[in-house]
Each structure stands twice: as structure tokens, then as C-alpha cells.
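Please find below my notes on the model you sent. They are set out as numbered points.

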Amino acid sequence: MSGKTLAEKIWDAHVVTKGVDGQPDLIYIDLHLVHEVTSPQAFDGLRQAGRPVRRPDLTIATEDHNTPTLDIDRPIKDPTSRVQIETLRANAAEFGVRLHSLGDVEQGIVHVMGPQLGLTMPGITVVCGDSHTSTHGAFGAIAFGIGTSEVEHVLATQTLPLKPFKTMAINVEGTLRPGVTAKDIILAVIAKIGTGGGQGYVLEYRGSAIRALSMEGRMTICNMSIEAGARAGLVAPDQTTFDYVQGRPHAPQGEDWDAAVEYWRTLPTDDDAVFDAEVHIDADELEPFVTWGTNPGQGVSLSESVPNPSDFDDPNERAAAERALEYMDLAPGTKLKEIPVDAVFMGSCTNSRIEDLRAFASIIKGQKKADGVRVMVVPGSARVRLEAEAEGLDKIIEAFGAEWRFAGCSMCLGMNPDQLAPGERCASTSNRNFEGRQGKGGRTHLVSPLVAAATAIRGTLSSPWDLEHTNAEGR
Amino acid sequence: MEKFTTVTGTAVPFERSNVDTDQIIPAVFLKRVTKTGYDDALFHNWRQDPEFVLNDPAYAGATVLFAGPDFGTGSSREHAVWALRDYGFKAVFAPRFADIFRGNAGKQGLLAGVIEEPEIERIWARIKAEPGVVATVDLEARTVRVGELELGFEIDDYTRWRLLEGFDDIGLTLREEAAITAFEARRESWRPTTLPAR
């Protein structure tokens, strides 16, 4: 009998009842993260059925999608945003769920909050009504996004009926060059396997380039698993993981810590385990990456040009490329580095942690932003904001001419006032370049924090390799 | 949930791939706290274009959508399913669906059936030859008929059974409450708890 993969080991440890005759397994959920957008109808469902939250002690909420990033001490101006936030506050109070509200030090993007509190750890199952829950897989956890009906299901039962996933290994071997980061790895993976390539799979990121990444880098990669169609992506826990978790507020302590680490060391995929599919990426060859279209699979190296739709063999891909270039107002053959931007957004659950802010600041330090480019920097949580300020990063950002904001999802999806105007073009460290994602008619190019910084300096899509003064760092 | 057996209604050729949930319902409509009334939000940005397929009077009142591959990608928002349902759609067919979207559809009684790409293209051609033609979906038999064209579709047995019976998932799971309680008694003490706050 062959061994088991990391994902299979975690799955097996969470089976409450095994499905027979094509029925799903009932899987126990260790941690349920909640935010204001996908929860109101779920709490309403509980109320109508007279059901309690089964495990408030495994549930935690924050406010992130709608929250303003300016004037956070004033009432939220948009009445529908305000109602949604107030609804979460009322529901949390009624059902006994812990909530970190705007103004609280732990408030922030739900996928930044879980890890910073030490709630996210190896070997657990994590769900949230948000597709970027895959972020938490960086710790060696099975973590995935769910819809509102499933949010209600987990609130009521702390379980979900689920069919087993297939497993796919994403092997990234080699060493990244300076200026090339985790974001470039995942954009290259998505361009390679496509936005549907991971459907039905859990992705396991493996290989020397993944082992060399920090936890922040691993979170960036797992975060965008969903952009490759996979509900979850994970990385085997190792010393880097343990060092990150240890000492955080909710990390295990004393004997519990020792027992946990002993178990966590058994989790990595067995040598004789077999994946249902394998993909190989050469880290040595990777360059800074950027998207040119309106889905995250439409990306190339920044040194290349906008592709010609006629280069695509598949008729659906060709039609999608034609539509994308029309929406993006780009001509085939244009050098990507000659494309000017109106805005740079540094933030989102993909790239808003302290290490991301440090990487961004390392490039812009002592520089001035390009004229006419609006640069917005939004930390992932109130705590990240405080950490950055303690290190003086806010001063570097403001001296550069960028806006230093309060924490939240912000311009990643523009549910709050942070939006692109129609026709505006943005280099964004977020995760989705869909039509209108950052504001109706807005045009998004997905990039790493280093590329965002270099672009903000030059005013056209650029990497640290294009800068005279470069001291590019960052993994 | 209402039982799903057969549906007959106007078919729409939705000739696009990678229809993400931001297109199905833009984020600005996610601020509501209700579960119904999203029909105006469906494909809101695309509907501003008079040429958009749902603006064609031939497809008024449509209930069956035939789309290109990778339908429902991106955000987990179940609002995408609510918007399709509130607009009147009962069934969506595509060569591939995003996993979360397909799951959400099943929970809300919206049938998400898989039909291979060449067959979807045949259906598109058939509908365009006679805009307004009716499709008949038979979930029991796993077939869809458009005019004289009859094809099979794929849907997993469990989702099909739940749709046919109109079962509520939470009710089904709570039959296993004793097993859940027993599982909880075995959980290791190192696993995280959110309360009390530390």
C-alpha cells in the first residue's frame, strides 16, 4: 500500500462519518472564520430554525470587506455598508461569537487575522465564507472557502459534508533570483495550469523554492490557489512554520505545544505517496510576472509583450483574449514595460503582511513616486499597521508620496470607497484582475509588491531590475 | 428546498468562458443582508450593453443557461447563485464549473450540469438557429433536450439525489449529531480555540 499525502492525512483525521455509496464524508471543522459579507443570511437561517452556534469557541469574526481605510473613527458613510457591519455586530452579540471590530488591534483582513493570532496552525481544517481561505494552507492545514449555505451549516454543526479531493503536486525546484518573489511563482503556476487547472484538486506546493520561502511567501502562494481553480492549496509544515506559530496568543503552550509539534512532524507527504497529478516549475528561470488580461491565468513575464489573440489555438481562449484586450485597452505586441498606470495598490489578503510592506518599502525608500500616479498602501490588519509604524515604514511610504491607510480589503474588490474610476489602470498586489473588480471599468494588472514599488517609481509597469538604485530583496 | 424533477423553459446561449462570480454579481451588490431580490444585480455590468444576450427579447424569461468552460470562478459569493435563481434560472450547463460555485448551486436548488465543450457548441448553434427555443431538463434521466437535440449531462449522484428529494443539508447532518459529539470528545487539546480571547 502506498503512503499518504499531507492533505490525505489531515482529511483522514477529520472524518466524523465516512460516506458510503457515493455519499460525502462528514468532515469536522477546527476553525471557522467569519466576516460581514457572507454571514448575515447564515445567521438569519439559524434564527429562523431556532438553532444555536454549535461551537462559538471555534468561531471568530472580523470586519474587513466594507470597512473604510480613512476616518475609521467616524460612522461609515455608505448606509448599506454600515447596515452590513451593524448586522455582524448584532449577530456576534446574539450568538456569542468573538468579533474584532473596526478600531480593534486585531481587526483586519480575515486571512491576516487568523495567522497573526496563532489560530491558524498545522493539521487543522479551516473554513470561511471567502474563497481566499486557501491562504491558511500555508501552515499545512486544509483550508478552503465556502458559500453562505455552508457557513450556516458549519455554524449549526461544526462539520461539512464533503467529497474527497484529488491531489496535485506543484513542484517548484531551484532558487529565485533577487527581485523574483512568491507572487511571481504563483502567477506563473496559474498561467501554466489555467484558471480551471486545479478544479477538484488540493494543490500541494513542494520543492526547494517553496521550502526556502517565509510563511508570508507561502501564504501568498496558497492564497491564489483558488485562482487556479483549486479550493485549497497547502505546504508541508516545517521548522519555519513552527517558529512562526510558537508564542502567538492562541498557539498551543507547554505540553500541548510539544504534543502538537510531535504530531505536526508526521504530517508531510510520505515518500511513497502518489499524487493524482504533478506540475513542475523551474524557479531558476522565473522572472517578475504580470497579468495582461481579465483572468489571473492571462499572465506573462514582465519582459515580454502583450500577446496576440491569434497565437491561441483554443477558440475559447482566443475569444477570451480578444475580449480581455478590448476591455484592458491594450494592443497586441505592446511591450508590457511601456504600459503606463494611473494607480498602484499595495495590499489585499495576498500581499499585505509585514514582510510585504517591508519589501515594498525597501524599493521606494528615498524615492519619489511618478507624477500623476496614485499610490495606496493598505496594511492587512491594524496590528500590521502598528508593526509597520514601529519600524518607520509609514514614514518611508508617506515621504514617497503614497497614501498610508487603515486595514481592510480595500481596493482589492472596492466594496468600500477605495475604487478605480472607469478606464483607470492599476498595478495591484491583489489576486483578481476580473473586469470591474477594483471599480466599474477599472483595469487591473496583478503584480508582486516589488513590481508594484518599481511601477510606482517609474509610472510604467516595471520591476526592480529596471531601477538604477535597486537593492531588491524579498522572497 | 423545492424538489427538482423536470424544467422546461427558454434556453440562452451564453457564449463566454471564465464567467467569474464578479461578473455574475458585482461586489457592490453584496452589501445587502437579505437572501432574495438579487434579480436586478445579475450580470449587472454586462446588462448595460444593449447587445448583451440577456437583453435580446427572444431570451426574455429564460430559465436554462448554456455557458462556456469555467463558469462561476473566483469569489465564493453564494449571491451569484441567488442572483441566477432570482432572475429565474433553474439550470446552468457548462463544460466545467468552479468547485465552490457548483457546491453553492446544489445547496440552493439550482442545477449545475456538465456538458462537454463540443456538445455545448452544438446547443449554442441549435438555439441561435431558433432564438427562443425551449429546453427541457430531466434530472431523473440526466438529459436535456433543445428542439430535436437531446443530450446527456453529468451531475454527481449525491447532488442529484438531494435535488430530486429537496433535502436540507443541515437537517441531514444533524441526524449524525451523536457521531459529531463523539468526535469532539476525541479532539486533541492542542487544537485552537477562539474563546477565551488571549
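**Notes on the predicted model**

1. In chain A, 77% of the contacts between residues at least 6 apart in sequence join residues at least 24 apart. The model is a predicted one.

2. The overall dimensions of chain A are as follows. A compact globule of 475 residues would have a radius of gyration near 23 Å, and the 21 Å of chain A agrees with this. The C-alpha trace spans about 55 × 55 × 45 Å along its principal axes. Of the 475 residues of chain A, 62% count as buried. Its secondary structure comes to 15 helices and 19 strands.

3. Chain A has an open sheet of four strands, paired in parallel, in the order S11-S10-S9-S12. S11 (232–234) and S12 (277–282) each have a single partner strand, so one side of each is left without a neighbour in the sheet. Neighbouring strands are turned by 20 degrees against each other on average, direction ignored.

4. Within this sheet, S9 (residues 166–173) of chain A runs parallel to S12(A), and six bridges join the two. A:Ala169 stands opposite A:Glu278 in S12(A). Helix H6 (residues 182–193) of chain A packs on the sheet, where H6 touches S9 and S12. The direction of H6 makes about 130 degrees with that of S12(A).

5. Turning to chain B, which residues of helix H2 (residues 79–87) are buried? They are B:His79, B:Ala80, B:Val81, B:Trp82, B:Ala83 and B:Leu84. Their cover includes helix H1 (21–24), strand S3 (91–94) and helix H3 (99–107) of chain B. After H2(B) comes B:Gly88, with a positive phi near 125 degrees.

Notes. Residues numbered from 1 in each chain as written. Chains lettered and ligands numbered in written order. Predicted model: local features only at pLDDT ≥ 70, side-chain atom pairs only at ≥ 80, totals over all residues. Pairing = 2+ DSSP bridges. Axes fitted to C-alpha atoms, helices over the stretch in contact; angles between N-to-C directions. Contact = placed C-beta atoms within 7 Å. Buried ≥ 20, exposed ≤ 12 C-beta atoms within 10 Å, placed from the backbone. Rg over C-alpha atoms; globule rule 2.2 N^0.38 Å.
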